[in-house]
Amino acid sequence: SFLPFNTPTGGSLFVATDVGIYDATSSGVAGTAETSCTDGDWQSVSFINTAGPWLVAVNGVDYMKNFDGTTWTDVTGASTPAITGVDTRDLINLCMHKRRLWFVEANSMDLWYLAVDAIGGAATRFPVGPIFPRGGYAVACASWTIDGGNGVDDLFVIVTSEGELAVY
């Protein structure tokens, strides 16, 4: 997986394998892993809040990982920052929508979200099963805009394993 980390002054590109996440910003042979993992299939978002720039990544196997521009952190219920209410190893997809991080829980119809501009804290469950008559499980979420993200019409999209979509 490619994990881009974007900041106002540049950024970095990370790549993931089944053993680690590596800095691939510069050409040449990759050095040692920046952080270890057991599955290379990561989903990530890069954003900036009042605490600075962040790269947040999930894969449904390993603990969620945060990168603050210097340090990678495995996010658990006891880390700093911590996320409580959900095991971050169960999160398979994520998106940023209206300054809020949203997560998709593996093999369920539950989404989770954090407070506005938060990088940690109590995650709140958002069950979506009743709106999808074909069943299955949620696989992805996204923010959808037709005006470049500058208007009030930014919509939240949920995609299921049965091909159904919900657009809020």
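Modeller: A residue is called buried when its relative accessible area is under 20%, exposed when it is over 50%, and partly exposed in between (1.4 Å probe, protein chains only). This is a predicted model, in which local features need pLDDT of at least 70 and side-chain atom pairs count only at pLDDT 80 or more, while totals for chains, interfaces and linings use all residues. Residues are numbered from 1 along each chain as its sequence is written, and side-chain values use heavy atoms, with hydrogens and water left out.

Biologist: Which residues touch the most other members of the largest nonpolar core?

Modeller: In soluble globular proteins, nonpolar side chains tend to be buried together. A nonpolar core is a set of buried Ala, Val, Leu, Ile, Met, Phe, Trp, Tyr and Cys residues joined through side-chain atoms within 4.5 Å. Here the largest core has 18 residues, and the members touching the most others are Val-56, Ile-83, Leu-101 and Phe-103. At least two core residues come from each of strand E5 (43–49), strand E6 (52–58), strand E10 (91–97) and strand E11 (100–105), where strands (E, at least two residues) are DSSP runs numbered from the N terminus. E6 gives the largest share, with 3 residues. Apart from this core lies another, of 12 residues, which includes Met-109, Leu-111, Phe-132 and Ala-166.

Biologist: What does Ile-83 touch, leaving aside residues up to four places away in sequence?

Modeller: With contact taken as heavy atoms within 4.5 Å, and with those sequence neighbours not counted, Ile-83 touches residues including Met-64, Val-75, Thr-88, Phe-103, Leu-114, Ile-119 and Ala-123.

Biologist: How many aromatic pairs does the structure hold?

Modeller: A pair of aromatic rings is described by the distance of the centres and the angle of the planes. Rings of Phe, Tyr and Trp (its six-membered ring) pair if their centres lie within 6.5 Å, and planes under 30 degrees apart count as stacked, over 60 as edge-to-face and the rest as tilted. There are 8 such pairs in this structure. In one of them, the centres of the Trp-102 and Phe-126 rings are 5.3 Å apart and the planes stand at 80°, so the pair is edge-to-face. This pair links distant parts of the chain, since Trp-102 belongs to strand E11 and Phe-126 to strand E14 (residues 124–127), 24 residues apart. Trp-102 is buried, with a relative accessible area of 9%, whereas Phe-126, at 25%, is partly exposed. Ring pairs also join Trp-102, Tyr-113, Phe-126, Phe-156 and Tyr-168 into a cluster.

Biologist: Which residues meet in salt bridges, for instance with Arg-89?

Modeller: Side chains of opposite charge can pair when their charged atoms come close. The cut-off for a salt bridge is a side-chain nitrogen of Lys or Arg within 4 Å of a carboxyl oxygen of Asp or Glu. The structure holds 4 salt bridges, and in one of them Arg-89 meets Asp-87 at 2.8 Å, N to O. Both partners are partly exposed, Arg-89 with a relative accessible area of 32% and Asp-87 with 28%.

Biologist: Where in the chain do Asp-110 and Arg-125 lie?

Modeller: Asp-110 is in strand E12 and Arg-125 in strand E14, so the pair ties together parts that are 15 residues apart in sequence. The closest N and O atoms of their salt bridge are 2.9 Å apart. Asp-110 counts as buried at 15% relative accessibility, while Arg-125 counts as partly exposed at 48%. In another salt bridge, the side chains of Asp-117 and Arg-99 meet at 2.5 Å, N to O. Asp-117 sits in the loop between strand E12 (110–113) and strand E13 (121–122), and Arg-99 in the loop between E10 and E11, 18 residues away. Asp-117 is partly exposed at 22%, but Arg-99 is exposed at 52%.

Biologist: What is the phi of Arg-99?

Modeller: Most residues other than glycine have a negative phi, and most peptide bonds are trans. Arg-99 has a positive phi, near 70°. Asn-107, also not a glycine, has a positive phi of about 50°; Asn-107 is in the loop between E11 and E12 and is exposed, with a relative accessible area of 65%.

Biologist: Which peptide bond is cis, with omega near 0°?

Modeller: That is the bond from Thr-80 to Pro-81, and Pro-81 lies in the loop between strand E8 (72–75) and strand E9 (83–84).

Note on methods. Helix = DSSP H or I, 4+ residues; strand = E, 2+ residues; numbered from the N terminus.
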